[in-house]
Amino acid sequence: MELDMAADELKSVLNRLKRAQGQIAGIVRMIEEGRDCEDVITQLAAVSRALDRAGFAIIATGLQQCMTDGAQPVVDRDQMRARLEKLFLSLA
């Protein structure tokens, strides 16, 4: 199933992911250069936050589509709540 997001929302998520990609490349260089452990950890934490934000943005903006099975919406509130909880916890 393809995620259908508005152009501005998609651009924002893609920018976050590209920024994280650049940060990861920077972290690899830092490790290869033998940089300070504290600096590396700080950058790892920043990448983790960027990825989390991108994931939450995808869930928030694509929620309705994520909660449907094909063209059939999930009608059972308990089932919907369980699926939502699983999605959010997968980012925790």
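**View 1. Overall fold of the predicted model.** Buried residues (under 20% relative accessible area, with a 1.4 Å probe and protein chains only) make up 18% of the 92 residues in the protein. The model is predicted: local features need pLDDT of at least 70 and side-chain atom pairs pLDDT 80 or more, while totals for chains, interfaces and linings use all residues. Residues are numbered from 1 along each chain as its sequence is written, and side-chain values use heavy atoms, without hydrogens and water. Four helices and two strands are present, in the sequence order α-α-α-β-β-α; helices (H or I, at least four residues) and strands (E, at least two) are DSSP runs numbered from the N terminus. Of the contacts (heavy atoms within 4.5 Å) with a separation of 6 or more, 57% join residues 24 or more positions apart.

**View 2. Helix α2 and its N-terminal cap.** Helix α2 covers residues 37–61; its 25 residues should span 36 Å at 1.5 Å a residue, which agrees with the 36 Å between its end C-alpha atoms. The expected span is 1.5 Å times one less than the number of residues. At the N-terminal end, Asp36 caps α2, with a side-chain oxygen 3.1 Å from the backbone nitrogen of Glu38. Buried residues of α2 include Ala54, Gly55 and Ile59.

**View 3. The largest nonpolar core.** This core, a set of buried Ala, Val, Leu, Ile, Met, Phe, Trp, Tyr and Cys residues joined through side-chain atoms within 4.5 Å, has six members: Ala20, Ile27, Met30, Val40, Val47 and Ala50. Leaving aside residues up to four places away in sequence, Val47 touches Ala20, Gln23, Ile24 and Ile27.

Notes:
Buried < 20%, exposed > 50% of the residue type's maximum accessible area, 1.4 Å probe, protein only. Polar contact = N/O pair within 3.5 Å; in protein donor to acceptor, adjacent residues only side chain to side chain.
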